[in-house]
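Colleague: Hi! Could you walk me through this structure before I set anything up?

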Amino acid sequence: MTTLCGSAETLDALMDPRGVGIGQFAALMNLPSTTVRHLLREGLLHPYRLGARFVFFVQNVIELRGVQQWQALGLTLEETRDFIQAQNLVGMLMEADQDGTRLMTVSHTQPHPPGPAQVQELQLQALERIQAANARLNEKKRALEEQLARGQSLEEALRTTLQEATTSVE
């Protein structure tokens, strides 16, 4: 967990029962406060609210690192949100199927499990979101494969040119 947080001091601050405010969280994560606020507006971070104040804990680091991981793979914030929401839906469905007593998310708890029709609807929503996100990823993959092929072609052409130049000099 220390590795995820970046340091033992950061972990200690985020384990404090009082949590940390948005400015301190941003500083601990080496991000501008505006970035954290943007991720909040986008629905990608879910800190607790204490009146008008956001309070961050370790679970918010996990959320942030997940967002950063998806972005490092080239996903937009919209695509990242779709994947995270689909993962949450699948997780909720698994929890509802496993214990049959309640449906939970990071931000709230519903006291009653969904009925069979609701579970099927949630499954269909999760499937649609995952399919849409996979389609966007496949499009990005095709574009990257085309760029890679062009780069490899250029590399081969330069290699051939260099070999010809070396041969003609000898």
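Colleague: Great, what are the ground rules?

Modeller: This is a predicted model, in which local features need pLDDT of at least 70 and side-chain atom pairs count only at pLDDT 80 or more, while totals for chains, interfaces and linings use all residues. Residues are numbered from 1 along each chain as its sequence is written, and side-chain values use heavy atoms, with hydrogens and water left out.

Colleague: What average pLDDT does the protein have?

Modeller: The average is 77, and 77% of the residues score at least 70. As a reminder, pLDDT is the predictor's confidence in each residue, from 0 to 100.

Colleague: Okay, on to the core. How many residues are in the largest nonpolar core?

Modeller: It has 25 residues, and those with the most contacts inside it are Leu-14, Phe-25, Val-36, Leu-39, Leu-45 and Phe-56. Such a core is a set of buried Ala, Val, Leu, Ile, Met, Phe, Trp, Tyr and Cys residues joined through side-chain atoms within 4.5 Å. Buried means under 20% relative accessible area, exposed over 50%, and partly exposed in between (1.4 Å probe, protein chains only).

Colleague: Which elements give two or more residues to this core?

Modeller: H2, H3, helix H4 (33–41), H5 and H6 do. H5 gives the most, with five residues.

Colleague: You listed Phe-56 there. What does Phe-56 touch?

Modeller: Leaving out residues up to four places away in sequence, Phe-56 touches Leu-14, Gly-19, Val-20, Gly-21, Ile-22, Phe-25, Val-36, Leu-40, Leu-45 and Pro-47. Phe-56 counts as buried, at 0% relative accessibility.

Colleague: How many aromatic pairs does a search of the whole structure find?

Modeller: Two. Phe-25 and Phe-56 form a stacked pair, 4.3 Å centre to centre with 10° between the planes. Phe-25 lies in helix H3 (residues 22–28) and Phe-56 in the loop between strand E2 (53–55) and helix H5 (58–72), so this pair ties together parts that are 31 residues apart in sequence. Phe-25 is buried too, with a relative accessible area of 0%.

Colleague: And the Tyr-48 and Phe-57 pair: what is its geometry?

Modeller: Tyr-48 and Phe-57 are edge-to-face, 5.7 Å centre to centre with 75° between the planes. Tyr-48 is partly exposed at 47% relative accessibility, whereas Phe-57 is buried at 17%. The rule pairs rings of Phe, Tyr and Trp (its six-membered ring) if their centres lie within 6.5 Å; planes under 30 degrees apart count as stacked, over 60 as edge-to-face and the rest as tilted.

Colleague: Changing topic: which residues of H2 are buried?

Modeller: In H2 (residues 8–15), Thr-10, Leu-11, Ala-13 and Leu-14 are buried. They cover an arc of only 160° around the axis, which puts them on the same side of H2; the arc is that of the directions from the helix axis to the C-beta atoms. Glu-9, Asp-12 and Met-15, on the other side of H2, are exposed.

Colleague: What about Thr-80, buried or exposed?

Modeller: Thr-80 is buried, at 0% relative accessibility. It is placed in helix H6 (residues 77–99). Not counting residues up to four places away in sequence, Thr-80 touches Leu-44, Val-67, Trp-70, Gln-71 and Leu-75.

Colleague: Last topic: how many salt bridges are there?

Modeller: The count comes to five, where a salt bridge is a side-chain nitrogen of Lys or Arg within 4 Å of a carboxyl oxygen of Asp or Glu. One of them joins Asp-16 and Arg-18, with the closest N and O atoms 2.7 Å apart. Arg-18 is exposed, with a relative accessible area of 64%.

Colleague: How far apart are the closest N and O atoms of Glu-139 and Arg-142?

Modeller: They are 2.9 Å apart, in a salt bridge. Glu-139 and Arg-142 are three residues apart in helix H7 (residues 116–169), so about one helical turn separates them.

Colleague: And Glu-156 with Arg-159, where do they lie?

Modeller: Both lie in helix H7, three residues apart, about one turn of the helix. Salt bridges that share partners join Glu-155, Glu-156 and Arg-159 into one network.

Methods. Helices (H or I, at least four residues) and strands (E, at least two) are DSSP runs, numbered from the N terminus. Contact means heavy atoms within 4.5 Å.
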